[in-house]
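I am opening a new page for this structure.

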Amino acid sequence: MKRTTVRRVGAVALALSSLMGVGATAAQADAQRLASSCLSSFCLYEHDDYAGAEQEFLFTSNNTCANVTSLNNKASSMRNPSAGRIQFYDSANCSGSYGYAAAPGSSDSDLTNNGFDNRTSSVKRVSP
Ligand SMILES: [Ca+2]
Ligand SMILES: [Ca+2]
């Protein structure tokens, strides 16, 4: 009985220390992902379901192109909370025709069904 009690106390202490956080734990990474919820711009995520690395784009006007940098040819999901439509390009500098467009206020947890998994190299916000 006594042993069980000690273990429980240990578990609580561990939980508290991970909340207070020295170094990144998996739980912290999840918390950060939920907190950085991409509120007003446009975000790409490395993996499905908004997981992995994130790149956030801050468009200040429509018809602006931005190259994908760290997630070039890696993005697998996206969030577009903005009021604009986001066009996805396979090439840099938004050259050629876009391959996929995200409606304003939309999100997609898996770009595979749009044929754009791990392909996006640049994005452009346009008027909806
Ligand atoms: Ca990916
Ligand atoms: Ca590409």
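In what sense do strand β5 and strand β8 pair, and over how many bridges? I find β5 (residues 85-89) and β8 (residues 122-126) paired in the antiparallel sense over five bridges. Here R85 stands opposite V126 in β8.

I note the conventions. This is a predicted model: local features need pLDDT of at least 70, side-chain atom pairs count only at pLDDT 80 or more, and totals for chains, interfaces and linings use all residues. Residues are numbered from 1 along each chain as its sequence is written, chains are lettered from A and ligands numbered from 1 in the order written, and side-chain values use heavy atoms, without hydrogens and water.

Next, the sheet. I read an open sheet of four strands, in the order β3-β8-β5-β6, with antiparallel pairing. Its edge strands are β3 (64-67) and β6 (100-102), and each pairs on one side only. The twist averages 25° from one strand to the next. My terms: strands are DSSP runs of E, at least two residues, numbered from the N terminus; two strands pair if DSSP finds at least two bridges between them. Angles run from 0 to 180 degrees between N-to-C directions, with axes as lines fitted to C-alpha atoms.

Then the metal. Which residues coordinate the calcium ion (ligand 1)? I list E46 (O), K74 (O), S76 (OG) and N118 (OD1), at 2.3 to 2.4 Å. Donors are N, O and S atoms within 2.8 Å of the metal (3.2 Å for Na, K and Ca); water is not among the atoms, so sites may look incomplete. The donor spacing in sequence is E-x27-K-x1-S-x41-N. E46 in strand β1 (residues 42-47) and N118 in the loop between β7 (106-108) and β8 are 72 residues apart, a pair that links distant parts of the chain.
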